[in-house]
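Keep the model open beside you as you read.

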Amino acid sequence: MNAQRRTVIAAMLAAGLPIPAAFADDKLVLGFAQVGAESEWRTANTESIKSAAKDAGIELKFSDAQQKQENQIKAIRAFIAQKVDVIGFSPVVESGWGTVLREAKAAKIPVILSDRAVDEKDDTLWVTFMGSDFVEEGRKAGRWLLENYKGQGDVAIVELQGTVGSAPAIDRKKGFEEIIKAQPRYKIIRSQTGDFTRAKGKEVMEAFLKAEGKKINVLYAHNDDMAIGAIQAIEEAGMKPGKDITIISIDGVKGAFEAMIAGKLNVSVECSPLLGPQLMQAAKDLKAGKTLPKRIVTKESIFPMEVAAKELPNRKY
Ligand code: GYE
């Protein structure tokens, strides 16, 4: 229900007037500004949000920003103009949100950050941030490498980063580096963005292979889609992904499980996109006047290739 309608209902109640059913049952309206459709993860996230809104009886206004911050800002402004009850969004990059978030606050519309964080000092600009601990995901990837890599001597790692300036790219790099720096033989020899997509992952891996060739021992990809693109590049270069080059990625989407079963991907760190139900619950709680915890962390695991075939039937995305 929008703020205007709430005021009208309050005035009617105060005047002792009956509230027409259609008026009072008015649906909660949630505006959601999504990043885009860049990965299998993102598609599953969108699907989770849409189906959870339906199940919860929430009217969802959904916007796809095609990975552009300016589109997300436009969408949020449109939600403010439409006086939605709650705004949810997954910020494509961390910085540059202060102005539009202050506009939402001035309009008294609560904002929920879903999946990705913003880099803003004033944390009263959003009510809660729900999503994964990306630094911890990076650490899990690093720990798996240190515990499982069998080769001797220097280990040459190439890294495919996510979208430049995005929370998962910044944090997954940080967590991974924090762990591997304990063993100086592990060295990141090249690191570049593949923007979280298969096409870019393939293209950048081709360039890495051209420059470094057989020197590359390990690929660390910030998501499965880039790893899957890179696998293609490695095969086209006549090498065996998962054997000649150890491959580590993050998300745990079905495509990664298939690659692991085929022996081409060594491990995927789980990052759940199934945030829809908790987002709807949070929107309802806000409407009911409840206070939400400032941070809601998603619980996650890690899947090495040895368990992929057994786990695949349990996967929901
Ligand atoms: O890992 C990647 C997606 O923000 C956690 O965005 C998300 C990331 C996810 O495109 O596949």
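Domain 1 (3-131 + 273-298) and domain 2 (134-271) both give residues to the lining of the largest cavity, so this cavity lies between them. The domain bounds come from an automatic or database domain assignment. Before we go on, a word on the ground rules: this is a predicted model, where local features need pLDDT of at least 70 and side-chain atom pairs count only at pLDDT 80 or more, while totals for chains, interfaces and linings use all residues. Residues are numbered from 1 along each chain as its sequence is written, and side-chain values use heavy atoms, with hydrogens and water left out.

What counts as a cavity here? On a 1 Å grid over the protein atoms alone, a cavity is a set of points where a 1.4 Å probe fits but cannot get out, and lining residues have an atom within 4 Å of a point. Grid points are joined across faces, edges and corners, and the volume is the space filled by probe spheres set on the points. By this rule there is 1 cavity of 30 Å³ or more, and the largest cavity has a volume of about 90 Å³. Its lining has 13 residues, and W41, R42, R116, R172 and D251 are the closest to the centre. Helix 3 (40-56) and helix 7 (167-180) each supply at least two lining residues; helices here are DSSP runs of H or I with at least four residues, strands are runs of E with at least two, and both are numbered from the N terminus. Sorted by class, the lining has 5 nonpolar, 2 polar and 6 charged residues. In that sorting, Ala, Val, Leu, Ile, Met, Phe, Trp, Tyr, Cys and Pro are nonpolar, Asp, Glu, Lys and Arg are charged, and the others, Gly among them, are polar.

Now zoom out. The protein has 12 helices and 12 strands, and its C-alpha atoms fill a box of roughly 80 × 40 × 30 Å, taken along the principal axes.

In soluble globular proteins, nonpolar side chains tend to be buried together. A nonpolar core is a set of buried Ala, Val, Leu, Ile, Met, Phe, Trp, Tyr and Cys residues joined through side-chain atoms within 4.5 Å. The largest one has 48 residues, and L145, I157, M205 and I245 touch the most other members. Helix 9 (residues 224-236) gives the most to this core, with 6 residues. Another core lies apart from it, with 25 residues, including V35, I80, I87 and V100.

Setting aside neighbours within four places in sequence, the contacts of M226 (heavy atoms within 4.5 Å) include L160, F196 and A221.

Most residues other than glycine have a negative phi. K108, though, has a positive phi near 60 degrees, and D115 has one of about 80 degrees. Is each of them buried or exposed? K108 is exposed, at 72% relative accessible area, whereas D115 is buried, at 4%.

Methods
Buried < 20%, exposed > 50% of the residue type's maximum accessible area, 1.4 Å probe, protein only. 1 Å grid on protein atoms, 1.4 Å probe; cavity = no way out; pocket = protein on both sides within 12 Å on 5 of 7 lines; lining within 4 Å.
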